Amino acid sequence: MTGERSAAGPTRHVVVMGVSGAGKTTVARGISAATGLTFAEADEFHSPANVARMRSGVPLDDTTRWPWLRDIAAWIADRGAEGRSTVLACSALRRSYRDVLRQGAPQVDFVHLDGPAEVIRARLARREGHYMPASLLESQLATLEPAGPDESVLVLDVSLAPEALVAAAVKGLGLP
């Protein structure tokens, strides 16, 4: 059954990370479709106040992010306890944010969709129906902390086609 623990071993948990417009949701959904991992969108965990704040062009700060990150980590932990592997689209911009997400399971791998700001800015300009305005890209780029050498993070070039990113992530993480 999709997302359940297999005889091959423990659950796997993957966070597709990056700034808004990098393609996190598209790639995470693709990984889910290719592997059967249970998909979630971190944006759906935001409080109404956080959504209103971002919609009005005000970036989140750590005070507004911590409860959101803890809720996501709890979701990961709950799925792991159910024996279900997961893939999540989440910005996870700072190491401290990734550390909170790691509290949800013994092993959380990250796929960082990284690339030129111009490519991401162009994507945001074409995106419709999302509360995150393109004006917040600069604040996200300023917040982004590259992964440390001790973190399990696969960095992929955001300029690649979504199908290529999904294939590279599945192969790079050794997912079934």
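A crossing of two helices is left-handed if the near helix is turned anticlockwise from the far one by less than a right angle, and right-handed if clockwise. The structure is a predicted model, in which local features need pLDDT of at least 70 and side-chain atom pairs count only at pLDDT 80 or more, whereas totals for chains, interfaces and linings use all residues. Residues are numbered from 1 along each chain as its sequence is written, and side-chain values use heavy atoms, with hydrogens and water left out.

**Figure 1. Overview of the protein chain.** The chain contains seven helices and five strands; helices (H or I, at least four residues) and strands (E, at least two) are DSSP runs, numbered from the N terminus. Their order from the N terminus is β-α-β-α-α-β-α-β-α-α-β-α. Of the 176 residues, 48% are buried (under 20% relative accessible area; exposed is over 50%, and partly exposed in between, with a 1.4 Å probe and protein chains only).

**Figure 2. Packing of helices H1 and H7.** Helix H1 (residues 24–35) packs against helix H7 (residues 162–173) at an angle of about 60°, and their axes are 9 Å apart. Axes are lines fitted to C-alpha atoms, for helices over the stretch in contact, and angles run from 0 to 180 degrees between N-to-C directions. H1 and H7 are therefore oblique to each other (under 35 degrees counts as roughly parallel, over 145 as roughly antiparallel, 65 to 115 as roughly perpendicular and the rest as oblique). Their crossing is right-handed. Residues of H1 in contact (heavy atoms within 4.5 Å) with H7 include Thr26, Val27 and Gly30, and their partners in H7 include Pro162 and Leu165. The residues of this contact of H1 with H7 comprise eight nonpolar, three polar and no charged. Ala, Val, Leu, Ile, Met, Phe, Trp, Tyr, Cys and Pro count as nonpolar, Asp, Glu, Lys and Arg as charged, and the others, Gly among them, as polar.

**Figure 3. Packing of helices H3 and H4.** H3 and H4 pack at about 30°, with axes 8 Å apart. H3 is thus roughly parallel to H4, and the crossing of the two is right-handed. Among the H3 residues that meet H4 are Asp62, Arg65 and Trp66. The residues of the contact of H3 with H4 divide into eight nonpolar, one polar and three charged.

Figure 4. Ser85 occupies the loop between helix H3 (62–81) and strand E3 (86–89), and its relative accessible area is 9%. Ala92 lies in the loop between E3 and helix H4 (95–102) and is buried at 1% relative accessibility.
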